[in-house]
Amino acid sequence: MSIISFKGFSYAGKIVKVPIIQCFLARNASNKNEMQDFDIVTTTAENILSEKEVEAICDKSRLNHGHRNMVNGRLPYDKPVHRYHNTVKYKRKMYGRYGDASNVYPGLAWPTAEDLEDIREYESVAYPLTIQEMQQNAMKIIESERQAIQMNQQKIDNNMKKLNGWLNEVKEKSAKKLLEAQQAKEKKEKLIEEVKKHFGYKIDPKDDRFKEMLVKREKEEKKKVREEKKKVREEKLLNYLDSKAK
């Protein structure tokens with residue numbers, strides 16, 4: 001048996017030699033996804049390899065058959081290999097990707113009567129409202145949000161108008177508190193001086209006698225203030241009664 005020249009491979013239990021041009025042309029045909037006829041120059045007709053044998057020898061990708069077909073844009077398998085290959089989902093996927101080359105009946109891509117019933121039941125529960133009702137609800141939500149924003153903006157505008165008045169009130173209250181604190185301090189100092197004069201000699205403010213006298217004078221001062229307020233109220237009441245009598 002004569003052997004063609006160039007490169008040696010161990011194939012099918014025997015040593016065969018494949019012209020390098022045959023591998024090169026087979027790879028080009030695989031990349032272009034098209035079948036081509038090649039004229040192989042050999043010395044003996046019985047040493048000519050088939051296209052699949054050449055492709056198997058020249059393939060160095062180490063991919064399995066299905067993955068190699070996917071890389072080259074071909075249908076992964078000519079017939080079902082795994083159990084899920086017989087499912088409707090898988091067949092629809094193959095038809096969507098490879099079209100008529102998938103050998104899948106196109107009508108399988110459409111849902112069946114049972115599928116349509118399931119879809120209607122799901123939509124009736126998940127989306128009970130019609131499109132018009134959903135649109136009306138969406139418009140109501142948008143309108144309520146717009147009104148809330150408008151009311152909030154109006155409230156901000158009104159508060160900004162009152163800001164100066166609030167600032168004046170805060171300043172007045174602060175000044176009033178400072179004045180009251182100053183008056184209370186002066187009043188306290190006055191009481192201390194009066195207590196010192198009561199004893200007639202220098203006495204330690206921490207002394208118990210001094211503290212007792214100070215508390216007594218504070219109570220007398222508070223009583224005096226209450227009597228003055230009572231007198232003012234009585235005068236206002238008398239004036240009111242006199243105005244009513246006239």
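**View 1. Arg92 and Asp115, a salt bridge between two helices.** Arg92 is partly exposed, at 31% relative accessible area; the term covers values between buried (under 20%) and exposed (over 50%), found with a 1.4 Å probe on protein chains only. This is a predicted model, in which local features need pLDDT of at least 70 and side-chain atom pairs count only at pLDDT 80 or more, while totals for chains, interfaces and linings use all residues. Residues are numbered from 1 along each chain as its sequence is written, and side-chain values use heavy atoms, leaving out hydrogens and water. Arg92 forms a salt bridge with Asp115. Such a bridge needs a side-chain nitrogen of Lys or Arg within 4 Å of a carboxyl oxygen of Asp or Glu. Here the closest N and O atoms are 3.9 Å apart. Arg92 sits in helix H4 and Asp115 in helix H5 (residues 113-126), so the pair ties together parts 23 residues apart in sequence. Helices are DSSP runs (H or I, at least four residues), numbered from the N terminus. Asp115 is partly exposed too, at 30%. The structure has 3 salt bridges by this rule.

View 2. Glu117 is partly exposed, at 46% relative accessibility.

View 3. Glu143 is partly exposed at 33%, and Arg146 is partly exposed at 43%.

**View 4. Tyr84 and Tyr90, an aromatic pair.** The structure holds 1 aromatic pair. Tyr84 and Tyr90 form it, edge-to-face, with 5.6 Å centre to centre and 85 degrees between the planes. Rings of Phe, Tyr and Trp (its six-membered ring) pair if their centres lie within 6.5 Å; planes over 60 degrees apart count as edge-to-face, under 30 as stacked and the rest as tilted. Tyr84 is partly exposed, at 46%. Tyr90 is buried, at 18%.

**View 5. Thr87 and the backbone of Tyr84.** Thr87 lies in the loop between helix H3 (65-71) and helix H4 (88-98). Its side chain reaches the backbone oxygen of Tyr84 at 2.6 Å. Thr87 is partly exposed, at 33% relative accessibility.

Notes: Polar contact = N/O pair within 3.5 Å; in protein donor to acceptor, adjacent residues only side chain to side chain.
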